[in-house]
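Dear colleague,

I am handing over the structure below, and after it I set out what was found when going through it. Please read the notes with the model open beside them.

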Amino acid sequence: MMKALVLHGIGDLRYEDVEKKNPGKGEVLLKIKACGICSSDIPRIYTTGTYHFPTIPGHEFSGQIVALGENVDEKLLGRRAAVFPLLPCRQCAPCAQEAYAQCKNYNYFGSRCDGAYAEYLVVPVWNLILFDDALDYKIAALCEPSAVSLHAIKVAQLEAGQTVVVVGSGTIAFLIASFAKNLGASRVVICGRSRDKLEFARKLGFDTINTKDERVEEDTKALLDGEGADVVFECVGKAATAENAIQACGTFGTVVLVGNPEGDMTFKKNVCWKILRQQITVKGTWNSSYSTKVNDWEEALGSMARDPEAFAALITQTYPLSEYETAMNTVRDSSRFRLKVMFEI
């Protein structure tokens, strides 16, 4: 048996004993060491539910391989690994192109099947991304949002010297801003409503705009020599923040929608006119590349190995699984300063 957080229904999350499974052919048993609480976990637990009940949530995780299934290389035993949480069907047209994030019949740890709010999880070898023992498990558990952020940068086709605005002040927003800065963006602006987060952003060397003032377009131009940004990332998922992203964008610029939508998205007429008249490109992204040609996960782990302190700074609170109520309340309380809240197991 093992301890896990089990979602029995909307708002009904319990810390309890569940059966520990054994790895099968091509699988390993991962002892979970750290698992982040994603912002998408909150509506999944408290509003919309998962695809079935009961379900163990959690898809941002790392751990140690402690048991091997049939036909698994013995050298994997004891290794540390992060995990690509998407389980593709391998049969549809996108899968044939290794575009696994666009799989038409995928499974997913933590929402469509049991995830990593638990002491152990059985994982296919294919989904493992190994990392060196010198890297902390908590930092490696940031690999999922880091890979998503790197992928968004690539979708934008960001070039050195361009100006960047990031609308949102969550973990992915800060990761996108950091990757953009490291790739040579001439200026990076973070927009948000939390004074504490904006102060934190300034300490990291970013310009900031407080969106409570509702002057995003004017403030962006004031920071960027009278022009809109070359690239804007929307990392919240609300109609108002998407409008802010478009308003912050300059002529011939690109807006990348990253945030999971909270509901229907409608734009004011003048916002749509701006897209048309300034020939703004709007793109979308929701996951990452994990293929033999492009692997955002390996790139993310490489960045972590080079500068672990930068990633560690984004982990603001850690809790054991047994303190899940406090952990969830921390994430849900917008008045508290927090970026990545994580279970350390």
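This is a predicted model: local features need pLDDT of at least 70, side-chain atom pairs count only at pLDDT 80 or more; totals for chains, interfaces and linings use all residues.

L223 belongs to helix 7, and, when residues up to four places away in sequence are not counted, L223 touches R187, V189, D207, T208 and I209.

Within it, strand 10 (residues 163–167) and strand 13 (residues 229–234) run parallel and are joined by 4 bridges, and V164 stands opposite V231 of strand 13.

How do helix 4 and helix 5 cross? The axis of helix 4 and that of helix 5 (residues 171–182) come within 9 Å and cross at roughly 55°, which makes helix 4 oblique to helix 5. The crossing of these two helices is right-handed. On the side of helix 4 the residues that meet helix 5 are P145, S146, V148, S149, L150, A152 and I153, and their counterparts in helix 5 are I172, L175, I176, F179 and A180.

Q157 counts as exposed, at 57% relative accessibility. A second case is E98, in the loop between helix 2 (93–96) and strand 7 (107–108), where phi is near 65° and is again positive in a residue other than glycine. As background, most residues other than glycine have a negative phi, and most peptide bonds are trans. The peptide bond from F53 to P54 is cis, with omega near -5°, and P54 is placed in the loop between helix 1 (41–46) and strand 4.

Strand 4 itself takes part in antiparallel pairing. Strand 3 (residues 27–36) and strand 4 (residues 60–68) pair in this antiparallel sense over 8 bridges, with L30 opposite I65 of strand 4. Strand 4 also pairs with strand 5 (residues 80–83), in the antiparallel sense and over 3 bridges, and the bridge partner of S62 in strand 5 is A82.

Is K197 buried or exposed? K197, which has its place in helix 6 (residues 195–203), counts as buried, because its relative accessibility is 9% and the limit for that class is under 20%. Leaving aside neighbours within four places in sequence, K197 is in contact with S169, G170, F174, F337, R338 and L339. Of these contacts, S169 is 28 residues from K197 in sequence, and their C-alpha atoms are 6.5 Å apart in space.

Finally, the cysteines: how many disulfides does a search of the whole structure find? That search finds 0 disulfides. C92 is in no disulfide, and the nearest cysteine sulfur, that of C95, is 3.6 Å away, whereas a disulfide requires sulfur atoms within 2.5 Å. C92 is buried, with a relative accessible area of 10%. For C235, the closest cysteine sulfur is that of C191, at 10 Å, which is too far for a bond. C235 is buried too, with a relative accessible area of 19%.

With kind regards

Terms used
Residues are numbered from 1 along each chain as its sequence is written. Side-chain values use heavy atoms; hydrogens and water are left out. Two strands pair if DSSP finds at least two bridges between them. Buried means under 20% relative accessible area, exposed over 50%, partly exposed in between (1.4 Å probe, protein chains only). Axes are lines fitted to C-alpha atoms, for helices over the stretch in contact, and angles run from 0 to 180 degrees between N-to-C directions. Angles under 35 degrees count as roughly parallel, over 145 as roughly antiparallel, 65 to 115 as roughly perpendicular and the rest as oblique. A crossing is left-handed if the near helix is turned anticlockwise from the far one by less than a right angle, and right-handed if clockwise. Contact means heavy atoms within 4.5 Å.
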